[in-house]
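The sequence and the model are shown below.

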Amino acid sequence: MKISFFTVLIFCFAGTFCSTNAVWAESPTCPIDGDWEFISDFSDEFNGESLDNEKWFDFNPAWIGRKPALFSRDNVAVANGMLQLTTREMPAEWETLENNVRGFHTYTTAIIKSKKRVLYGYFETRCRPMASAASSAFWFYDPLDPPEKYKAGNCSEEIDVFELFGKHPTMENTLYTTVHCQDTPYVESIVRLNLKSKGSKWKSPFKFVDDYHVYALLWTPEIMRWFIDGQEVWSLENTQHHRPLHMMFDTEVFETWAGLPNSEDLPSTFYVDYVRCWQLKSDNNSAQ
């Protein structure tokens with residue numbers, strides 16, 4: 001549910017609509033103790049009529065999709081106060097020889113990627129996963145720009161706040177939280193050299209798809225902690241993740257992990273009410 005500090009200011013001239021700008025009349029308070037500062041660059045209430053293109057890409061410039069699904073900008077929407085990311089059957093006109101030969105067919109999915117990178121903070125989102133075997137995810141990754149990420153001698157990394165499968169015979173009650181690092185060269189979902197991962201599988205007493213829940217990550221130089229509805233579900237000493245990363249929301253098809261979604265469950269939509277970010281004033285590296 002949206003809260004009252006969020007307002008939209010509409011500026012008009014001579015009775016004609018000019019522009020809208022979303023602002024926080026009063027910054028929300030971080031729900032955990034500390035000298036926190038609200039960071040609007042990495043916060044969004046999704047109250048407009050379209051995605052804020054000053055903050056987000058509605059595609060991933062570095063990655064077109066996890067096979068067999070292609071990311072489609074048509075599957076990204078902001079409406080009714082929600083970010084909406086949809087998985088659907090691939091339109092007939094996309095079922096081309098070129099896409100099929102490259103391994104893309106049957107499905108299209110959705111992604112948004114922050115245009116800036118962020119280092120450390122407390123990140124919170126209220127959302128509901130889609131009711132299908134396609135994933136609903138909130139994550140951070142991609143510390144390197146080309147050509148560095150495609151050269152040997154460095155490493156890439158990823159922090160998964162959650163990956164959820166809202167309708168699945170064995171996975172729909174599991175919250176997957178994971179961190180990854182891998183040597184470069186790194187190419188999304190294709191080249192992952194010397195991949196090292198740590199993760200947790202938290203079993204929920206409820207189905208995530210039945211309601212909205214608040215998911216959060218505390219990321220500091222020393223520790224990382226994951227929460228759902230204020231309950232800590234995993235913690236980890238931070239030995240690796242000390243570089244700014246892009247913020248991501250997406251849906252993907254993991255054929256070898258969760259299997260393919262059933263066609264009768266599609267289209268299906270991942271709804272995000274808001275995302276909010278706070279940083280400790282002593283660690284403010286908000287936008288890079």
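Predicted model: local features only at pLDDT ≥ 70, side-chain atom pairs only at ≥ 80, totals over all residues.

Strand β12 covers residues 174-187 and includes Pro 185. The peptide bond between Thr 184 and Pro 185 is cis, with omega about 5°.

Strand β14 spans residues 213-219, and six of its seven residues are buried, so the rest of the structure largely encloses it. Burial here means a relative accessible area under 20%. In a regular strand, side chains alternate between the two faces of the sheet.

Two pairings of β14 can be described. Strand β9 (residues 121-128) is joined to β14 by seven bridges in an antiparallel arrangement, and Cys 127 is opposite His 213 of β14. Strand β15 (residues 223-228) also pairs with β14 in the antiparallel sense, over five bridges. In that pairing, Leu 218 has Arg 225 of β15 as its bridge partner. β14 and β15 form a hairpin, and three residues lie between them.

## Backbone exceptions in the loops

Which two prolines does a cis peptide bond join? They are Pro 146 and Pro 147, with omega at about 5°. Pro 147 is placed in the loop between β10 (136-141) and β11 (155-164).

Tyr 120 and Asp 229 are not glycines, yet Tyr 120 has a positive phi of about 70° and Asp 229 has one of about 50°. Tyr 120 belongs to the loop between β8 (107-118) and β9. Asp 229 belongs to the loop between β15 and β16 (231-237). Tyr 120 has a relative accessible area of 10%, which means that this residue is buried. Asp 229, with a relative accessible area of 44%, is partly exposed.

Arg 88 sits in strand β7 (residues 82-89) and is partly exposed, at a relative accessible area of 29%. Leaving aside residues up to four places away in sequence, Arg 88 touches Asn 75, Thr 106, Tyr 107, Thr 108, Leu 266 and Pro 267. Tyr 215 is 127 residues from Arg 88 along the chain, and the C-alpha atoms of the two are separated by 25 Å.

Asn 100 is part of helix α1 (residues 97-101). The relative accessibility of Asn 100 is 37%, so this residue counts as partly exposed. Beyond residues up to four places away in sequence, Asn 100 touches Glu 95 and His 105. The C-alpha atoms of Asn 100 and Pro 68 are 8.7 Å apart, and the two residues are 32 residues apart in sequence.

## The chain as a whole

How many helices and strands does the chain contain? There are one helix and 18 strands. Of the contacts with a separation of 6 or more, 71% are between residues 24 or more positions apart. Buried residues account for 51% of the 288 residues.

The radius of gyration of the chain is 19 Å, which agrees with the value near 19 Å that a compact globule of 288 residues would have. Along the principal axes, the C-alpha atoms fill a box of roughly 55 × 50 × 45 Å.

## Surface and charge

The chain has an accessible surface of about 13400 Å², and 50% of this surface belongs to carbon and sulfur atoms. There are 26 positive and 40 negative charges in the chain. The mean position of the positive charges and that of the negative charges are 3 Å apart.

Definitions and conventions:
Residues numbered from 1 in each chain as written. Heavy atoms only, no water. Helix = DSSP H or I, 4+ residues; strand = E, 2+ residues; numbered from the N terminus. Rg over C-alpha atoms; globule rule 2.2 N^0.38 Å. Buried < 20%, exposed > 50% of the residue type's maximum accessible area, 1.4 Å probe, protein only. Contact = heavy atoms within 4.5 Å. Areas by Shrake-Rupley, 256 points an atom, 1.4 Å probe, with all protein chains shown as cover. Lys, Arg positive; Asp, Glu negative; His and termini not counted. Charge placed at Lys NZ, Arg CZ, Asp CG, Glu CD. Pairing = 2+ DSSP bridges.
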